[in-house]
Amino acid sequence: MFLLPALVLLGALVVYPIGYSLLRSLFDRTGENFAGFDNYAELFTDDGILRALTNNLIWVVVAPAVATALGLIFAVLTERVRWGTAFKLVVFMPMAISMLAAGIIFRLVYDQDPDKGVANAVWVGVHDTFAESSAFPKAHPGRESPLKPAGGGAFVTTDPVRVGTPVSLPLVGVAPDVMPDDASRARPAKAEPDRITGVTWQDFTRGKGVGALNEPDATEVGYPGMRIEAVKDGKVVERVTAASDGSFSLSAEADGALLRLPAENFRQPYNGIDWLGPSLVTPAVIGAYVWMWAGFAMVLIAAGLAGVPRELMEAARVDGATEWQVFRRITVPLLAPVLGVVLVTLMINVLKIFDLVFIIPPGSSQDDANVLALELYRKGFAEDQPGVASAISVFLLLLVVPVMWFNVRRIRQEGRQR
């Protein structure tokens with residue numbers, strides 16, 4: 001009598017849906033014609049379901065292992081610091097966030113635009129520290145320009161330069177609002193008898209028919225930092241960098257050379273990694289999952305660690321064991337039951353993962369991030385194939401049951417040992 005309410009509730013919410021799904025999986029789309037095992041056969045022939053099955057396998061192998069390993073590391077390290085409790089609170093805090101909210105957060109974190117996505121902002125910052133991006137990625141010669149393409153994105157003068165003759169290297173294509181902040185007004189180069197002088201600038205003035213072509217006007221600014229090379233017989237004899245007003249000067253050694261603006265001046269800015277592209281979308285979503293569940297693993301492992309006999313660790317240290325040996329030979333073996341619980345729990349959890357995969361990947365790469373729970377939703381509600389969706393649900397149940405059985409069996413064995 002005491003168990004009856006619970007049994008009724010379980011029957012209505014668990015047993016009946018499982019039984020109905022099993023029955024429905026044996027019928028076609030309409031639910032009127034018996035299809036046998038045709039829906040189950042489609043699980044191993046449909047490309048979308050096979051991709052989802054492959055991704056689920058990646059999830060089961062990678063996500064629980066990484067989350068458990070991080071939880072173990074955090075639990076062990078926080079034992080040795082005063083602010084360990086505060087650290088545990090911060091690491092565990094993502095568990096208080098719903099999967100929906102976490103998905104929205106990481107959709108923004110992985111945004112391709114470095115001005116929006118934190119991941120690419122950090123990545124681009126590190127990249128630009130070692131490989132500075134160009135300020136003139138879209139600059140190119142204008143009409144009647146003395147410059148011509150030199151291949152590979154570089155430009156070169158059409159005629160050799162001469163000592164005492166000023167050189168003009170006009171370019172267009174850079175929006176005024178993205179010009180370097182230190183760019184100043186460009187002025188025509190003055191001739192010097194023993195040097196080659198020149199100027200490179202933005203040869204564009206707003207307004208139709210305003211300004212002179214290939215000559216610096218009052219409102220036109222130079223290209224500060226533009227790199228210029230003097231090339232003779234295919235060899236660079238001298239290099240120079242333009243000043244804030246675009247002016248530059250070369251020695252007499254460059255007489256008779258062609259001036260080249262190398263391709264590095266026009267290199268497109270580095271925009272980071274396409275985290276949500278086809279190749280990285282699954283690892284990116286797994287990263288979001290680990291961010292949420294590493295705290296869960298840490299708390300359980302820390303609870304198990306509190307029960308580890310300290311005498312064994314101290315005895316090992318007295319016998320000359322290093323901290324790594326104590327961790328590997330004593331801490332981890334004694335925590336094996338707890339680690340097993342955490343690992344199995346997370347494996348069951350990732351088999352049913354849906355929310356993050358549904359929210360984080362954009363439509364263009366959602367097929368590449370697909371998992372069985374998401375494919376079940378698609379087949380059942382988007383593609384109106386309830387028979388196939390029911391077959392997927394039964395298949396998921398069959399995948400989860402062995403893991404659950406293993407967990408229950410291990411818990412019973414531990415109970416007998418105690």
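Phenylalanine 395 is buried in this predicted model, because its relative accessibility is 17%, under the 20% cut-off. Its ring pairs with that of phenylalanine 44. The centres lie 5.9 Å apart and the planes meet at 85°, so the pair is edge-to-face.

A search of the whole structure finds 20 aromatic pairs. Phenylalanine 27 and phenylalanine 34 make one of them, with ring centres 5.7 Å apart and planes at 85°, so this pair too is edge-to-face. Phenylalanine 34 counts as exposed, at 59% relative accessibility. Elsewhere, Phe106, Tyr110, Trp123, Trp275 and Trp291 form one aromatic cluster.

Now turn to charge. Side chains of opposite charge can pair when their charged atoms come close. The structure holds 13 salt bridges. Among them, aspartate 46 bonds with lysine 379, the closest N and O atoms being 3.3 Å apart. Aspartate 46 lies in the loop between H2 and H3, lysine 379 in helix H12, 333 residues apart. Lysine 379 is buried, at 3% relative accessibility.

Glutamate 79 and arginine 310 meet in another salt bridge, at 2.8 Å from N to O. The loop between H3 and helix H4 holds glutamate 79, and helix H8 holds arginine 310. Both are partly exposed, glutamate 79 at 40% and arginine 310 at 34%.

A further bridge joins arginine 260 to glutamate 229, with N and O 2.7 Å apart. It links strand E8 to strand E5. Arginine 260 is partly exposed at 26%, whereas glutamate 229 is buried at 10%.

Notes. Residues numbered from 1 in each chain as written. Predicted model: local features only at pLDDT ≥ 70, side-chain atom pairs only at ≥ 80, totals over all residues. Heavy atoms only, no water. Phe/Tyr/Trp six-rings, centres within 6.5 Å; stacked < 30°, edge-to-face > 60°. Buried < 20%, exposed > 50% of the residue type's maximum accessible area, 1.4 Å probe, protein only. Salt bridge = Lys/Arg side-chain N within 4 Å of Asp/Glu carboxyl O. Helix = DSSP H or I, 4+ residues; strand = E, 2+ residues; numbered from the N terminus.
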